[in-house]
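Here is a short tour to read alongside the sequence and the 3D view. Please keep both at hand as we go.

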Amino acid sequence: MTYRRLPLLVLVVAVLIAGMPSPADADNVPARRKMLHLLNQTRGNHGLTALRLNANVSHFAWKHSRKMAERYRCFHTANLYDVVRTYSPSTWGENVGAAGTLLRIRTLWMGSGGHRANILNPRFRRIGIGVVKARGLLWVTTIFYGG
């Protein structure tokens with residue numbers, strides 16, 4: 001490789017890295033807390049109990065959000081029951097989304113029948129939340145479960 005091509009190679013690598021989730025974003029705890037607050041606020045407004053956070057399920061949710069950001073598309077977990085099986089739930093669900101803010105994601109979810117049903121399901125008592133900031137968006141996975 002000639003030295004004249006080196007700056008171009010460095011630029012291409014920098015652009016690719018800038019678009020990917022950063023290690024500093026690993027398990028973004030402040031964003032996770034804010035999303036939990038927004039969802040519990042919504043549940044409280046509907047007379048429902050607050051969801052309790054599960055750190056292990058949150059780590060899985062974060063890994064799923066990272067995969068969505070890497071692929072630049074939202075998709076659901078292939079076998080969600082495998083994620084929550086350890087907790088012997090009788091019901092479980094998942095919301096995924098991407099937007100510029102967490103408030104926008106909650107607004108979009110509340111405007112969608114299935115997502116809204118998950119947020120307002122009184123049988124859900126626990127949640128795992130994963131948030132990744134990448135490509136100018138927040139990628140969020142929430143995994144609900146309960147009995």
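What follows looks at one helix and then at some side-chain pairs.

This is a predicted model, in which local features need pLDDT of at least 70 and side-chain atom pairs count only at pLDDT 80 or more, while totals for chains, interfaces and linings use all residues. Residues are numbered from 1 along each chain as its sequence is written, and side-chain values use heavy atoms, with hydrogens and water left out.

At the start of helix 2, a side-chain oxygen of Asn28 comes to within 3.1 Å of the backbone nitrogen of Ala31. Gly47, with a positive phi near 75°, follows the helix.

Now for the aromatic pairs, of which the structure holds four. Rings of Phe, Tyr and Trp (its six-membered ring) pair if their centres lie within 6.5 Å; planes under 30 degrees apart are stacked, over 60 edge-to-face, and the rest tilted. Two of the pairs are set out here.

| Pair | Centres | Planes | Type |
|---|---|---|---|
| Tyr81 and Trp92 | 4.7 Å | 40° | tilted |
| Phe124 and Phe144 | 5.4 Å | 20° | stacked |

Phe124 lies in strand 3 and Phe144 in strand 4, so their pair ties together parts 20 residues apart in sequence.

Finally, there is one salt bridge (a side-chain nitrogen of Lys or Arg within 4 Å of a carboxyl oxygen of Asp or Glu). Asp82 forms a salt bridge with Arg85, their closest N and O atoms being 2.3 Å apart.

Notes. Polar contact = N/O pair within 3.5 Å; in protein donor to acceptor, adjacent residues only side chain to side chain. Helix = DSSP H or I, 4+ residues; strand = E, 2+ residues; numbered from the N terminus.
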